[in-house]
Amino acid sequence: VASPERVRVLELSGNLLTSRHVCRLMRMAARCRSLTELNLSRNALGEAGGLWVAYALEMHPSLRSLDVSHNRLTSFSACEIAHALRFNITLTRLNMSYNLLVRDEGVRAIAAAIS
């Protein structure tokens with residue numbers, strides 16, 4: 001395995017990860033300064049995990065692709081991720097499909113952040 005500084009892609013889809021796991025992973029990933037792709041799809045991150053996703057966006061200004069689909073993210077998570085997008089100007093792909101973004105505020109926040 002490459003040293004954390006050289007990791008560019010972190011593929012963790014379908015591993016039943018929860019917010020507890022993502023908390024630990026994002027702390028470790030903070031050392032991966034060249035991270036450009038992060039796939040956390042098909043896990044069980046929930047609202048708290050969404051906060052750690054926002055943290056990852058802030059810590060990785062080089063991140064270009066983020067997939068957090070199928071994770072039970074809420075409108076609150078979406079708002080936090082939208083806020084974190086202010087710190088990341090290189091993101092070109094964001095997949096948040098199949099989450100619980102049931103309130104308009106989460107969708108509006110993401111839309112405003114990417115426009």
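## Loop, helix and side-chain pairs

L100 lies in the loop between β4 and α4 (104-114), where helices (H or I, at least four residues) and strands (E, at least two) are DSSP runs numbered from the N terminus. This is a predicted model, in which local features need pLDDT of at least 70 and side-chain atom pairs count only at pLDDT 80 or more, while totals for chains, interfaces and linings use all residues. Residues are numbered from 1 along each chain as its sequence is written, and side-chain values use heavy atoms, with hydrogens and water left out.

With a relative accessible area of 44%, L100 is partly exposed; here buried means under 20% relative accessible area, exposed over 50%, and partly exposed in between (1.4 Å probe, protein chains only). Leaving aside residues up to four places away in sequence, L100 touches R72, L73, T74 and S75, a contact being heavy atoms within 4.5 Å. L100 and H70, 30 residues apart in sequence, have C-alpha atoms 8.9 Å apart in space.

Helix α1 (residues 19-29) has V22, C23, M26 and A29 buried. These residues lie on the same side of α1, because they cover an arc of only 135 degrees around the axis, the arc being that of the directions from the helix axis to the C-beta atoms. R24 and R27, on the other side of α1, are exposed. The packing partners of the buried α1 residues are β1 (9-11), β2 (37-39) and α2 (46-59).

The count of salt bridges comes to one, a salt bridge being a side-chain nitrogen of Lys or Arg within 4 Å of a carboxyl oxygen of Asp or Glu. D67 and R93 form a salt bridge through their side chains, at 4.0 Å from N to O. This pair links distant parts of the chain, since D67 belongs to strand β3 (residues 65-67) and R93 to strand β4 (residues 93-95), 26 residues apart.

No disulfide is found in a search of the whole structure, where a disulfide is a pair of cysteine sulfur atoms within 2.5 Å. The sulfur of C23 is too far from the closest cysteine sulfur, in C32, for a bond, because the separation is 15 Å.

The table gives the accessibility of the residues in these two pairs.

| Residue | Relative accessible area | Class |
|---|---|---|
| C23 | 14% | buried |
| C32 | 2% | buried |
| D67 | 9% | buried |
| R93 | 41% | partly exposed |
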